[in-house]
Each structure stands twice: as C-alpha cells, then as structure tokens.
Amino acid sequence: MSNTVEAGTIVGGPVNNDTVNTTQVQTSRKGFCSVRHGLALILHLCNLSISTQQMNMSIALPVMVNNTALPSSPNASTERPPTDSQDNWNETLNESKAVAAVYDWSPEIQGIILSSLNYGSFLAPIPSSYMAEVFGTRYLSGTCMFITSVLALFTPLAADTGVTVLIVLRVIQGIVQVVLLTSQYSIWARWAPPQERSQLITIAVAGSVLGCFIIFIVGGYLCQTIGWPYVFYIFGGIGCVCSFLWFAVIYDDPVNHPFISTREKEYIVCSLAQEGSPPGWSLPIKAMIKSLPLWSILIFYFSDFWHFFVQTSYLPTFITSVFQANIRDSGILSALPFASACICVVPGGLLADFLLSRKVLRLSTIRKLFTAIGVLLPAVLFTSVFWLRSSFSTAIAFLTISSAFKSFAQSGALVNFMDIAPRYSALLRALSQIFSYMAGAISPMVNGFLISQIQDREARGQLLTKAKEDARTTGRED
C-alpha cells in the first residue's frame with residue numbers, strides 16, 4: 001500500500017503529517033473525552049444497527065425454510081457440541097413453525113435472497129458520494145438510516161407476500177444502506193486528524209463487527225422463542241432510534257458543531273489544513289486510473305468482502321449442517337468469530353496510531369504490516385477448517401482466531417484510501433464499496449449453487465447405494 005506522500009499525484013500534492021506543531025498535538029490529548037470520539041461512538045452505534053439489519057436474514061433463514069441443512073454422510077464421524085443437538089434442532093423447527101411462517105425455498109432461491117441486498121449496490125456508491133457533498137452527510141445518512149430501518153420492519157410482511165416482493169425490498173434496502181455506509185466517510189475527511197484516523201475509523205467500524213456478534217447471539221434465541229419475524233422487528237426498531245440519535249448529535253464539520261470546544265475545533269482544523277480543502281468535483285480521473293495503490297486497495301476490498309459475505313451468510317448453515325447444532329447454539333457459535341474481531345479491531349487501530357505517532361514505522365510500512373497480518377494468517381486458519389470438520393472444538397477455535405487476526409486489516413488496506421487521498425475519501429470509499437458489493441452479490445449465489453450441487457450428488461449417491469442394496473437383497477431371494 002501507499003503512504004500519503006506517495007499519493008501526491010492523486011490529491012494534487014504531497015501531504016506532510018509532521019507539520020502539526022507540538023502545541024496543537026498537546027491540545028488534542030483528551031483521550032476519548034472529545035467530540036470527535038463522541039462522533040465515532042455514534043457512528044459505532046449506527047454501524048451496529050446497520051450490521052444487524054444486514055445479517056438478520058442469515059440467522060433467520062434456517063428457520064424460515066423447510067430445510068437448509070446439507071445431507072450428512074451416513075458413515076461420517078463428527079465431534080458435535082456438548083448438547084443433545086439433533087433433538088434440539090428438531091424441537092427448534094417445530095417451535096418456529098408454530099410461531100411463524102415457513103417457506104419452501106430451494107438453495108438457489110435462498111442464495112438469491114441473501115445476495116439480493118447487494119444487487120443494487122453497484123449503482124449507489126458514486127452518486128452517494130456526490131449527494132454527501134450536495135446535501136451534507138448529516139441529513140443524507142440520517143435519512144438513509146431511518147429508511148433502511150423502516151424497510152427492516154416490513155421484511156416479514158414482504159416474505160408473506162411473495163419471494164419476489166422480498167427480493168425487491170432487500171434490493172432497495174441494500175441501496176439505501178450503501179448510501180449510508182459510503183457517505184459517512186465524508187465526516188472523517190473533516191473530523192479526523194491524520195494521526196488519529198486509524199483509531200477513530202476503527203471505533204466506528206467496530207460497530208459493524210459488534211452488530212454481527214449481537215445478531216448471531218440474540219437472533220437465534222429470538223427465532224427459537226418468539227419467532228423469526230421479531231428479529232426484523234426488534235432490530236428495525238433499534239435502527240429507527242439510532243436515526244433520531246444521529247440527527248441530534250452528528251454535524252458535517254467541527255466548525256458548525258454546537259458542543260465542541262474552541263481548542264478541539266482549532267486542533268482539528270489546523271491538523272487538516274495541510275491536506276487541502278474539499279475537492280468539489282474536479283477529479284483527477286486519469287491519475288486515479290493509473291494509480292497502482294488505488295487498484296491494490298480495490299482488489300483487496302473485493303477479496304476481503306468475498307470472505308466476509310461467505311462467513312456471515314453461510315456460517316450458521318455450516319454449523320447446523322456439519323455439527324447438527326440447533327438454531328440457538330448455531331447463533332452463539334457463529335457469533336464467536338465476530339466477538340474476537342470486535343475485541344481486536346479497536347486495539348489494532350490504537351496500535352497503528354501509536355506506531356505512527358512515535359515514528360516507530362512509516363505509514364506505508366504500518367499499512368502493509370497490518371494488511372499482511374489480516375490476510376495471511378486468517379487465510380491459513382480459515383482454509384484449514386475444511387479438514388477439521390471432525391473436531392468441533394478445533395474448527396470453532398480456528399474460525400475464532402482467524403477473525404481476530406483478520407480485524408488487523410481494518411488498520412491496513414481497509415483504511416488506506418484515507419491516506420492516499422483524504423480529500424477524495426467519499427469517492428474512494430464509493431469505489432471500494434462497488435468492489436466489495438460485487439463480491440457480496442456474487443459469493444452467496446456461487447455458494448448456493450455449490451450447495452445445491454453437493455445436495456444433488458449426495459442424493460444420487462444415496463439412491464445408488466439403495467439400488468445396490470436392493471439388488472443384493474433381490475439376488476439373495478432368488
């Protein structure tokens with residue numbers, strides 16, 4: 001990846017992060033008791049709400065359909081959770097059928113439903129970065145927060161109306177969520193001092209990881225007790241509350257914020273002055289196309305989110321099918337990797353800023369190091385799970401440790417676009433969103449197709465085995 005100086009061709013000139021004088025730096029040392037950290041906390045809560053709305057279908061789908069489990073090999077020997085899981089799973093299905101509707105959706109349809117949230121995402125990122133400049137992030141993101149929460153409340157009704165209506169609703173919801181997730185980065189272009197970017201952004205992003213943890217923990221329990229529709233009702237209602245909180249606290253820049261101190265305002269403004277003013281819409285398109293650091297970030301976003309969408313969409317199904325866990329246990333076990341990521345992501349950002357502020361490593365070295373840790377180790381651990389299916393505890397441990405290491409990438413390539421072109425942060429975030437949602441649109445469908453092929457192969461194998469047994473039985477009778 002590239003540091004700020006190396007990106008001068010994109011932003012119109014080099015940026016020197018060392019020009020902020022000592023007095024200004026001392027002014028900023030308020031720990032977490034500052035308005036900018038308060039904004040990061042509000043963004044954390046809003047991202048948490050959005051994440052629960054994105055993941056609620058993944059946890060509810062196993063009990064919304066008649067069967068999503070892969071057929072198990074009759075001779076397979078697998079270590080399972082320390083519960084009477086198969087009986088509990090059957091009990092869960094019976095309870096869910098009693099309190100909520102159950103639909104007859106094939107694996108291909110389920111894959112389309114899961115990926116439909118990303119179908120319109122290709123169209124939204126670039127316009128959303130423009131709308132953030134025109135209308136302001138405060139009003140645009142707050143409105144989108146309210147709309148997506150209301151749509152979450154109507155999801156059960158859409159499912160009862162028909163699968164087409166459900167898919168259309170999720171497409172619209174996905175577009176609104178992309179506008180929100182893209183435009184919010186315009187705030188950090190005006191609020192985040194260069195030496196605090198990693199910690200502020202990771203605090204905000206940690207909400208998404210914590211949201212995944214919460215929905216997997218609580219969602220399974222809600223599905224098993226009061227029915228899967230309440231997964232959408234409860235978290236949709238929480239999102240509405242977050243939208244009102246957003247309008248009350250979030251402002252587009254520190255100059256107009258009514259509660260910020262003069263010292264903090266002057267520190268933020270002075271620290272960002274070296275990076276130039278907002279760009280308007282005179283964009284260096286040719287320089288961006290030729291920028292290898294930018295292309296490396298975009299490719300990384302695609303591969304990283306492919307892994308993310310596979311894990312969030314199919315981890316509950318993997319656990320219920322391979323380890324025969326019920327929906328409640330599956331939710332808890334699926335939440336463990338996100339718990340480890342949530343614990344590690346903020347300390348990772350603090351460590352990155354510490355190494356930068358103490359000049360232990362150059363910015364480009366820090367980004368490359370954290371990206372390597374967040375990619376190589378998780379890749380080895382995650383891939384190894386396939387060969388560890390016979391050991392329940394080892395497989396879950398590998399998934400949990402994998403997510404912990406993967407969180408370091410949030411302080412690496414995933415935030416690097418703020419370094420190479422902070423003036424164009426919303427636009428570059430939009431481009432990265434396009435690549436990430438391309439992965440989100442493709443990966444669930446690919447997995448749904450692969451699962452259906454495995455089911456067909458298993459079914460043919462079972463029929464062939466039965467035919468051979470019938471033939472042997474007939475031969476003995478003759």
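**Close-up 1. Helix 17, residues 363-384, in the predicted model.** This helix runs for 22 residues and reaches 32 Å from its first C-alpha to its last, close to the 32 Å expected at 1.5 Å a residue. There's a bend of about 25° at proline 378. Pro378 is also one of the buried residues here, along with others including Leu363, Arg367, Phe370 and Leu381.

**Close-up 2. Arginine 367 meets aspartate 419.** Their side chains form a salt bridge, 2.6 Å from N to O. It links helix 17 to helix 19 (residues 417-420), with the partners 52 residues apart. Both arginine 367 and aspartate 419 are buried.

Close-up 3. Lysine 406 pairs up with aspartate 304 in a salt bridge, with the closest N and O atoms 3.0 Å apart.

**Close-up 4. Glutamate 264 and arginine 36.** This salt bridge has its closest N and O atoms 3.0 Å apart. Glutamate 264 belongs to helix 13 and arginine 36 to helix 3, so the pair ties together parts 228 residues apart in sequence. Glutamate 264 counts as buried at 2% relative accessibility, and arginine 36 does too at 0%.

**Close-up 5. Phenylalanine 417 in the largest nonpolar core.** This core has 56 residues, and Phe417 is one of those touching the most other members, as are Tyr185 and Leu428. Leaving aside neighbours within four places in sequence, phenylalanine 417 contacts residues including Tyr185, Ile297, Pro422 and Leu428.

Conventions
Residues numbered from 1 in each chain as written. Predicted model: local features only at pLDDT ≥ 70, side-chain atom pairs only at ≥ 80, totals over all residues. Heavy atoms only, no water. Helix = DSSP H or I, 4+ residues; strand = E, 2+ residues; numbered from the N terminus. Expected span 1.5 Å × (residues − 1). Bend = angle between axes of the 7 residues up to and from the residue. Buried < 20%, exposed > 50% of the residue type's maximum accessible area, 1.4 Å probe, protein only. Core = buried A, V, L, I, M, F, W, Y, C linked by side-chain atoms within 4.5 Å. Contact = heavy atoms within 4.5 Å. Salt bridge = Lys/Arg side-chain N within 4 Å of Asp/Glu carboxyl O.
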